[in-house]
Amino acid sequence: MQNNKEKKNVFEIENLSFAYDKHEVLNNLNLSFHEGIVTTMIGPNGCGKSTLLQLMTKNLKPAGGKILLQGEDIAQIRQKQFAQSVAVVHQYNTAPPDLTVEKLVSYGRIPYHKMGVPFDKAKDMERIEWALEITNTTKHKDKTVSQLSGGQKQRVWIAMALAQDAKVLLLDEPTTYLDIRYQLQILRLIRRLNEEYGFTIIMVLHDVNQSLYYSDEIVALKAGKCIAQGSPQQILTGELIQKVYDVTLKVSDIDGKRFILPV
Amino acid sequence: MEKKKIVLSYILTAGALLLLFLWAANTGSLKVSAKQLFSGLFVAYDENVATIYDLRFPRIFIAMAGGAATAVSGVLLQAVMKNPLADPGIIGVSSGASLTAVLLTAFCPSLYFFTPAAAFLGGLAAFFLVYVLSWKDGLSPLRIILVGVAVNAMFTGLMSAFNSGTGSSYSGAASIVNANITMKTWTDFKTLIGYVVVGLIAAVVVSGQCDLLALEDKTARSIGVSVAKSRMVISVIAVLLAAISTAFIGAISFLGLIVPHIARLLVGSSHKTLVPYSALLGAVVLLLADTVGRTITAPYEISASVIMSVVGGPFFILLLRRSKQGYAK
């Protein structure tokens, strides 16, 4: 974990508003995400965290305000160039049944192709191999995506994002649908990507204990507003849980580690 | 897909096309052997072969080019709409193209040369209608088909109304209305093939993009694909291919549905192999339909589009029933 006090901003959200038809999701949101750390967004269903992630990845267009990536308005960045800086793992993914793992991971190199033609094949190969290896999917590379289990599939989608060679990785509920073993595998991988390879990670998680344990910073959202931001040990208290989720949970510190009993 | 299976599929289909070609060239009152045909074409003049060359060859080649174009149009539409049931005939692109082609032929016969362009505009209009009307928080596969059927019915109706209301007096339009490939000349083929070649090359060029559209839109965007732009370019190519073949041989339903489906089973869903293979198989299927139509009730003819509808209808129902699984999701 980094103790760097002078944190640089990777994303700055300025007066951001968004609505689905008449249903307002975000209203004048201001927020910064810091470089080089793992930030987790938590909040109840419908609080706008997934919407915010979609806005930050150019999948949705803001109704008002703007999002800056390292000081540049993302609306002005071309999709391809954006993909070289920011990679995303979405919550729900589909692939043609006969697509092989290696082929899928190789799609991560598309941002570097010109008119659909590879520009630097050696570099492409190197990144694909690295992505397969670090996600522990090299042994599956000739299988089709449809042959894999849920946890393996999720690792393959992460591998594709890693092949993009982007220093910022966004993940939307990467552990949903997975059993506890696969959840931990994914979270440890994410932690490792940050610590060993310097990725800036921004993710959405539902499990408060996991966000407590695997993040450097928590952003708590409710009804389209950021109600708390800071290190998990400082801000994840019973009071905040009450405020965010409207439930009273027992929060205890055991051996210097905090746990929230979600029952 | 295994490479071997892909290569074998290509070779066998090309072989089938050649045999079919010989059969089609020999269907009718004149008969020639393969050897006689070959020597008549390339070695010495042969009266029978010359007659076949002038009368049957254009029709055969037009059937092949039109079949290839329609099948590839189907592949592209399916990629754009993420819907294995999309077909230029079923969703009304072909009938939109027919209508404008017929109107042009009827009202401005002197602009005959622009029939393909008119068909293209009509096809685009129909496609745009279907796309816009079936958009509601994304494109649901079934809604596209339902809207498409309605748009198709409307354009087909307008065309029939026009045809009946004018006492079917515009014979130039008849071949488009009835979708038959009789009375075609080499001039027709030469005009058609130019557009078809351009369309097919464009289709091969965008085949990589088609693969990427098979991912979720969000995922495609995250690897730098401008999804809306890709969709638009691919749609325009698909409409061009369908419209151009409609302008010459009329609307053929189900061809753009059956061929890509079989092709996917044989060569897989990667568009770099799927697009060229569908072109080949499309040529085989339409030539087969046309030749069968010429044979079974000789000396009368059943048009290729009728054969395709009779065979394609049940096939479509079968696909519809199975579409809950796999690709359609």
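Biologist: Where is K82(B) found?
Modeller: K82(B) sits in the loop between α4 and α5 (93–107) of chain B. Helices here are DSSP runs of H or I with at least four residues, strands are E runs of at least two, and both are numbered from the N terminus.

Biologist: What should I know about the model and its numbering?
Modeller: This is a predicted model: local features need pLDDT of at least 70, side-chain atom pairs count only at pLDDT 80 or more, and totals for chains, interfaces and linings use all residues. Residues are numbered from 1 along each chain as its sequence is written, while chains are lettered from A and ligands numbered from 1 in the order in which they are written.

Biologist: Back to K82(B). Is K82(B) buried or exposed?
Modeller: Buried, because 22 other C-beta atoms lie within 10 Å of K82(B). The cut-offs: buried is 20 or more other C-beta atoms within 10 Å, exposed is 12 or fewer, partly exposed is in between, with C-beta atoms placed from the backbone.

Biologist: And what is its phi?
Modeller: K82(B) has a positive phi of about 50 degrees, although it is not a glycine. E173(A) is another non-glycine with a positive phi, near 45 degrees. E173(A) lies in the loop between β7 and α6 (180–197) of chain A. It has 19 other C-beta atoms within 10 Å, so it counts as partly exposed.

Biologist: Switching to helices. How many residues does α9 of chain B have?
Modeller: α9(B), residues 186–205, has 20. From first C-alpha to last it reaches 28 Å, close to the 28 Å expected at 1.5 Å a residue. That expected span is 1.5 Å times one less than the number of residues.

Biologist: Which residues of α9(B) are buried?
Modeller: Among them are F189(B), L192(B), Y195(B) and V196(B). G199(B), L200(B) and A203(B) are buried too.

Biologist: What do those buried residues pack against?
Modeller: α4 (57–81), α6 (115–133), α10, α12 (227–249) and α14 (271–295) of chain B. Contact means C-beta atoms, placed from the backbone, within 7 Å.

Biologist: Where is A263(B)?
Modeller: In helix α13 of chain B, residues 255–267. A263(B) counts as buried because it has 26 C-beta neighbours inside 10 Å. Leaving aside neighbours within four places in sequence, A263(B) is in contact with L274(B), Y277(B), S278(B) and L281(B). Its C-alpha is 9.5 Å from that of G282(B), 19 residues apart along the chain.

Biologist: Now the interface. How many residues of chain B are in contact with chain A?
Modeller: 19 residues of chain B are in contact with 22 residues of chain A. On the chain B side, α10 (207–213) and α11 (217–222) each supply at least two residues. The largest share, four residues, comes from α11(B). By class, that side has seven nonpolar, eight polar and four charged residues. Nonpolar is Ala, Val, Leu, Ile, Met, Phe, Trp, Tyr, Cys and Pro; charged is Asp, Glu, Lys and Arg; the others, Gly among them, are polar.

Biologist: On to chain A. What is the order of the open sheet of six strands?
Modeller: β6-β7-β8-β3-β9-β10 in chain A, with mixed pairing. Two strands pair if DSSP finds at least two bridges between them. β6 and β10 (225–230) are the edge strands, each pairing on one side only.

Biologist: How do β6(A) and β7 of chain A pair?
Modeller: In the parallel sense, over four bridges, with β7 covering residues 168–172. V89(A) stands opposite L171(A) in β7(A). From β6, residues 86–89, V86(A) and V88(A) point one way, A87(A) and V89(A) the other, and all are buried.

Biologist: What joins β3 to β9 in chain A?
Modeller: Four bridges, and β3 (38–42) runs parallel to β9 (217–222). T40(A) has I218(A) as its bridge partner in β9(A).

Biologist: And the sheet of four strands?
Modeller: That one is open, in the order β2-β1-β4-β5 of chain A, with antiparallel pairing. β2 (23–34) and β5 (72–73) each have a single partner strand, so one side of each is left without a neighbour in the sheet. β4 (64–69) and β5(A) pair over two bridges. L69(A) has E72(A) as its bridge partner in β5(A).

Methods
Two residues are in contact if their C-beta atoms, placed from the backbone, lie within 7 Å.
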